[in-house]
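Here are some notes to keep beside you as you look through this structure for the first time. Take the points in order, with the 3D view open.

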Amino acid sequence: MDLSWMTWTAPTALFFGAIGTVLTLMAGLYFLRPNGAEPRPGLFFKLATTRGDRLFISLLGSAFIHLAWLGATGYDLKWAAAISLVYAAIVFRWG
Amino acid sequence: MQKAHDHKALWLVAPALLLVAFTAVIPLMTVVNYSVQDTFGNNQFFWVGAEWYREILRSDRFHAAFLRQIAFSATILAIEIPLGLAIALSMPKKGLGVSVCLVLMALPLLIPWNVVGTIWQIFARVDIGLLGHTLSGLGIDFNYTQNAGAAWVTLIIMDVWHWTSLVVLLCYAGLVAIPPAYYQAARIDGASRWAIFRYIELPKMSRVLLIAVLLRFMDSFMIYTEPFVVTGGGPGNATTFLSVDLVKMAIGQFDLGPAAAMSVIYFLIVILVSWAFYTIMTRDDFEQYRRSQ
């Protein structure tokens, strides 16, 4: 199958591969530990979130952290990635 | 009560997932791939990393288009939601009038976007359009091809004419779904018309109202065809919204990389707003779910 029209690059393939892997893991976790799919109240705005919600909030928030970093600073994106990881950890623990 | 987990249900959504993969996910992946590369034609691409994102996020052109888009959506919501609610409240609840009103309300929704644009482009013209000619006759300088204010007024009135019906139909559906017992109880308590609206109708319509707000926000935030047909983004850049600017960049200038980066940013903003609305809409569901446990 010719996928050259999609103009794949190694970093973007890695990025989508990582997201695909995380989604597969989450699906597997749903079968192994279905209780995580039940909503629980979080600390932020008293939002009730499931495990999937927390992943979504982490990914979306990380995207905006990267955009804000790019727009506001000229520094390396590795710092934005580090902030995103901390943010995702907070969301999964307390969000 | 232990909730049952039926994994078989997951297979039922598989066809929809497959369809979404082909129509949305694969094109989105391609756009992301474009957004990190530059091309000089001949199907040759060069890696540029986050450069296009940096350029777009710091560009005055993007900021201006984004602010115009936000201003347009906010204005649309501020007019269409109260107006739609007021019309729905004043519509008859039974008799022949119901069918007549529903058909009248549905008519603007049946007209394709480009036709609506063409209708209003002609309607607002000073030389042959009824609206433009009348306003001009009243001494009002209304020329949407030269005056930014007139262009905005034309687009806003056009959108209100086209889409308020959707809000009306949603609110009306919410209103007629309220059981008569609520009104009977309010009558017994001697509730005023305002009290009935505030404590019965508005809470009962909250879900449909949020759907209306979400739909109207998303539609107005992604509006393209009508402003393109009526004003083409002008005069100057006065009505160049994000979508119009995006198409200019991608097709007019053939700047695929920056246009792809702008598309991804646009997409993320749409997702964020949709998620915010969805969260607000389903917030009460969790409380009900918790009480049922």
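1. Let's begin with chain B, which has 14 helices and two strands. Please keep in mind that this is a predicted model. Along the principal axes, the C-alpha atoms of chain B fill a box of roughly 75 × 70 × 30 Å. Of its 293 residues, 28% count as buried. If you take the contacts in chain B between residues at least 6 apart in sequence, 70% of them join residues at least 24 apart.

2. Which residues of helix 8 and helix 11 of chain B meet? From helix 8 come B:Asp159, B:Trp163, B:Leu166, B:Val167, B:Leu170, B:Cys171, B:Ala173 and B:Gly174. On the helix 11 side you will find B:Val208, B:Leu209, B:Ile211, B:Ala212, B:Leu215, B:Arg216, B:Asp219 and B:Ser220. By class, the residues of this contact divide into eleven nonpolar, two polar and three charged.

3. Now for the place where the chains meet. Here 18 residues of chain A are in contact with 24 residues of chain B. On the side of chain A that touches chain B, helix 1 (10–32) and helix 2 (51–72) of chain A each supply at least two residues. Helix 2 of chain A gives the most, with six residues. That side of chain A has 14 nonpolar and four polar residues, and no charged ones.

4. Helix 1 of chain A deserves a look of its own. This helix has 23 residues and reaches 32 Å from its first C-alpha to its last, close to the 33 Å expected at 1.5 Å a residue. Is helix 1 of chain A largely in the open or largely buried? Of its 23 residues, the number buried is one, so the helix lies largely in the open.

5. Do stop at the peptide bond between B:Gly234 and B:Pro235, which is cis, with omega about 0°. B:Pro235 lies in the loop between helix 12 (225–230) and helix 13 (242–252) of chain B. With 16 C-beta neighbours inside 10 Å, B:Pro235 counts as partly exposed. Leaving aside residues up to four places away in sequence, B:Pro235 touches B:Thr145, B:Gln146, B:Asn147, B:Ala148 and B:Ala151. The C-alpha atoms of B:Pro235 and B:Asn143 are separated by 10.0 Å, while the two residues are 92 residues apart along the chain.

6. A:Thr7, in the segment before helix 1 of chain A, has a phi near 45°, a positive value in a residue other than glycine. B:Phe254 is not a glycine either, and its phi is positive at about 55°. You will find B:Phe254 in the loop between helix 13 and helix 14 (256–292) of chain B.

7. How exposed are these two residues? A:Thr7 is partly exposed, with 19 other C-beta atoms within 10 Å. B:Phe254 is exposed, with 10 other C-beta atoms within 10 Å.

Conventions:
Residues numbered from 1 in each chain as written. Chains lettered and ligands numbered in written order. Predicted model: local features only at pLDDT ≥ 70, side-chain atom pairs only at ≥ 80, totals over all residues. Contact = placed C-beta atoms within 7 Å. Helix = DSSP H or I, 4+ residues; strand = E, 2+ residues; numbered from the N terminus. Nonpolar A, V, L, I, M, F, W, Y, C, P; charged D, E, K, R; others polar. Expected span 1.5 Å × (residues − 1). Buried ≥ 20, exposed ≤ 12 C-beta atoms within 10 Å, placed from the backbone.
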